[in-house]
Protein chains: 2
Amino acid sequence: MKISTRFSDAIHLLAFIHIYKGKIPLTSENIASSIETSPVMVRKLMGELRKAGLIETKHGTPDPKLAKPTDKISLLDVYLAVERNKPLFEIDHKTNPQCIVGGNIQETLSEYYNQAEIAAKAKLNDTRLSDVIDTILVKQKEKEYLQKQQNYE
Amino acid sequence: MKISTRFSDAIHLLAFIHIYKGKIPLTSENIASSIETSPVMVRKLMGELRKAGLIETKHGTPDPKLAKPTDKISLLDVYLAVERNKPLFEIDHKTNPQCIVGGNIQETLSEYYNQAEIAAKAKLNDTRLSDVIDTILVKQKEKEYLQKQQNYE
DNA sequence: TTTATTTGTAATTTGTATAATTACAACTGA
DNA sequence: TCAGTTGTAATTATACAAATTACAAATAAA
């Protein structure tokens with residue numbers, strides 16, 4: 001499976017907008033170079049985030065903004081924006097309906113999978129974009145501190 | 001993305017063995033026709049389930065058995081057997097390390113993703129193969145009852 | 001009001017993970 | 001012995017995400 005990094009990249013994009021707003025021009029080109037993807041992918045993701053009401057953009061103008069404060073955007077909001085209702089656990093929808101197992105496994109698993117999926121989504125809903133940004137900034141400070149230390153050794 | 005149904009198919013396979021043991025020969029051919037996949041895929045999955053200690057097979061003999069009672073096998077056991085440590089949420093590992101966001105997002109997200117993943121896996125660990133089999137058999141009975149009803153109408 | 005820049009989006013190509021297929025040695029049991 | 005099966009490797013086919021290409025529409029600055 002060619003794995004999808006849309007969810008990760010969308011969070012990256014939102015954090016980037018917040019951290020670099022006013023410091024560098026927020027063109028799809030600049031954002032793409034941080035994610036290391038194509039500007040077109042960035043614009044597509046931004047289109048979906050815009051439709052979900054998470055950012056505001058203006059056609060022709062390289063200046064996207066977050067539509068809400070970072071503590072009012074949860075990771076679940078981002079997930080739903082770019083992955084829609086994509087299941088976390090895939091069910092095999094092509095099983096033999098003539099068989100007791102094949103004829104009932106899909107419905108059965110979808111119930112149990114759903115419970116697990118909701119547990120995961122509840123955690124995503126508890127995590128705010130502000131948490132992610134705070135963690136990024138702390139990790140960055142720690143890195144810078146370690147580098148400074150090394151310079152004096 | 002070509003989605004993977006290995007997890008679903010592995011549960012299907014185990015339920016099939018339990019329900020049809022002694023009723024029909026448990027050849028990879030017969031199991032495959034219920035899953036609607038190839039016999040080779042079934043034999044591969046069985047190989048992984050065997051290595052994980054969930055089933056016992058004998059080379060050349062079409063007679064796999066569950067290695068434990070169905071209430072001692074959880075969906076998490078099956079997941080780990082066939083998906084190993086495959087992450088539920090994929091992190092983009094190719095981001096620009098020169099950027100504050102690109103340089104810290106991977107570590108950051110892996111922490112939050114892990115929390116969500118553990119919540120989901122805990123639910124899978126709470127669900128036993130016996131639960132799945134019970135649900136399948138109940139659903140089957142319900143179907144048969146409805147069909148009988150229709151015959152008298 | 002022209003011109004360079006950018007967004008937004010569609011169409012096409014490319015890369016790659018997964019499943020299906022092919023092939024066959026090794027084992028089993030009648 | 002021999003037909004049937006498992007276990008596994010190698011190859012091919014398929015499906016889909018990402019990258020690329022292309023361009024109309026909007027913007028901003030000269």
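Me: Two residues are in contact if their C-beta atoms, placed from the backbone, lie within 7 Å; how many residues of chain A are in contact with residues of chain B?

Reply: This is a predicted model, in which local features need pLDDT of at least 70 and side-chain atom pairs count only at pLDDT 80 or more, while totals for chains, interfaces and linings use all residues. Residues are numbered from 1 along each chain as its sequence is written, with chains lettered from A and ligands numbered from 1 in the order in which they are written. On the chain B side 50 residues take part, and the number on the chain A side is likewise 50.

Me: Which helix of chain A gives the most residues to the side that touches chain B?

Reply: Helices (H or I, at least four residues) and strands (E, at least two) are DSSP runs, numbered from the N terminus. In chain A, α1 (6-20), α2 (28-35), α5 (100-126) and α6 (129-152) each supply at least two residues of the side that touches chain B. With 17 residues, the one that gives the most is α5(A).

Me: What share of the contacts in chain A between residues at least 6 apart in sequence join residues at least 24 apart?

Reply: The C-alpha atoms of chain A fill a box of roughly 70 × 45 × 30 Å along the principal axes. Among its contacts between residues at least 6 apart in sequence, the share that joins residues at least 24 apart is 62%.
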